[in-house]
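Here are some friendly notes to read alongside the model. Please keep the viewer open as you go through them.

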Amino acid sequence: MKVFIKFDFNSICKKVLEEKLEEHQLKHKVLGFGEIEFLEKISEEKLNAFSNTLLPYGIEIVENQKAILIQKIKDVIMDMIFNESTNINVKSSVYLADKLGHSYGYLSNLFSEVTYTSIENFIIIQKIEYTKQLIINNQLSLTEIAFKLNYSSVAHLSSQFKNTTGITPSAFQRIIKKRREIATKNIN
Amino acid sequence: MQQDFILITLADDDEDDRLFFTDAFDELKINTVVNTVNNGKELLSFLNHPETVLPNIIFLDLNMPILNGIDCLKEIKLNDKFKDIAIAIYSTSSSEKDIENTFVLGANIYIKKPSNFNELKKILADVVTINWQYHTNGLNKDNFLLRM
């Protein structure tokens, strides 16, 4: 038997954090967007121990100010794309600047300098990533995906997919399907 | 802390090619640490060596003596230990069937080898940059397919 699952990164992260914070008995408040406030002073030792238990989950405590801002930019973008209840009527540049309290020029320069890619490109990569996930889940047609991700047309999504990955959405779907067939064969 | 460089292993039997690749990596903005092996057999013994720190990405020439790129790819994909390594295949072939087949067998990236150095540099820069995004942003590597 084979089932497809979908998951929500935000809920997973929150749940893991809550559990680990509980486990380490740290009094805290989760402020959302990847921020936790500790309600009492915590020794470096305790903080390190806490940080180490998070590493296997791909969660890490960000240390310097630049890295924190970069992470916030990424979080806002991910929320914009993956969270359906976040409804944005303005351009993403305006939204980011507004949400983070810095000019878009500053955010954009900092982002390019540290991540080796531009904010615009990062948004495209994430949207294509989401498209891949939706294609694999098999529940939506490409037209529906284009609509869901605010593309003006399915042609626009297709050409952006091809530009970003070098292959067409249908080739992608075909390859993943064949891979799964091979994997199933190997198990049986 | 997250490492701030990319570990690359390059498998190619042609010495000139190895030189071109390593030169191209040197000029990238992202810090890279590159090591090279001369054929598929060497690659597998390098990966299986207990003291080896596994690379983030392997560049694999399709046409190599002893053990060719495809057989190497199959071997690597059989071992769960290597599942986090991105595999970039490069070849002079642009046959659609060949390309799709390497993806189906588990390659993440297919590079059609360009004829000049500047183009190669540009392609490698793009590949390493996108791989970096997968590496630092927790993107799903199973869905990582890129054709250059």
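1. A word on the ground rules. This is a predicted model, in which local features need pLDDT of at least 70, side-chain atom pairs count only at pLDDT 80 or more, and totals for chains, interfaces and linings use all residues. Residues are numbered from 1 along each chain as its sequence is written, chains are lettered from A and ligands numbered from 1 in the order in which they are written, and side-chain values use heavy atoms, with hydrogens and water left out.

2. Chain A first. Its secondary structure comes to 9 helices and 2 strands, where helices (H or I, at least four residues) and strands (E, at least two) are DSSP runs numbered from the N terminus. Read from the N terminus, the order is α-β-β-α-α-α-α-α-α-α-α. The C-alpha trace of chain A spans about 55 × 50 × 30 Å along its principal axes.

3. Neighbours within four places in sequence aside, L39(A) is in contact (heavy atoms within 4.5 Å) with K27(A), H28(A) and K29(A). Its C-alpha atom is 34 Å from that of S112(A), 73 residues apart along the chain.

4. Now the interface. Contacts join 24 residues of chain A to 24 residues of chain B. The buried area (accessible area, 1.4 Å probe, that two parts lose on being put together, summed over both) is about 2,200 Å² between chain A and chain B, with 54% of that from carbon and sulfur atoms. On the chain A side, Y116(A), E129(A) and R179(A) lose the most area to chain B, together 30% of what that side buries.

5. K178(A) forms a salt bridge with E100(B), and their closest N and O atoms are 3.4 Å apart. The elements giving two or more residues to the side of chain A that touches chain B are α6 (119-137), α8 (154-165) and α9 (169-187) of chain A.

6. Which residues line the largest cavity? A search of the whole structure finds 1 cavity of 30 Å³ or more, and about 90 Å³ of space lies in the largest cavity. Its lining consists of I125(A), I128(A), E129(A), K132(A), T164(A), T165(A), I130(B), Y134(B), F144(B), L145(B) and L146(B). Two or more lining residues come from each of α6 and α8 of chain A and α5 (117-136) of chain B. The largest share, 4 residues, is from α6(A). Here a cavity is a set of points, on a 1 Å grid over the protein atoms alone, where a 1.4 Å probe fits but cannot get out, and lining residues have an atom within 4 Å of a point. Grid points are joined across faces, edges and corners, and a volume is the space filled by probe spheres set on the points.

7. Lastly, salt bridges over all chains number 11. One to view is E19(A) with K15(A), at 4.0 Å from N to O. Both residues lie in helix α1 (residues 9-23) of chain A, 4 residues apart, about one turn of the helix.

Notes: A salt bridge is a side-chain nitrogen of Lys or Arg within 4 Å of a carboxyl oxygen of Asp or Glu. On a 1 Å grid over the protein atoms alone, a cavity is a set of points where a 1.4 Å probe fits but cannot get out, and a pocket is an open set with protein on both sides within 12 Å along at least five of seven lines; lining residues have an atom within 4 Å of a point.
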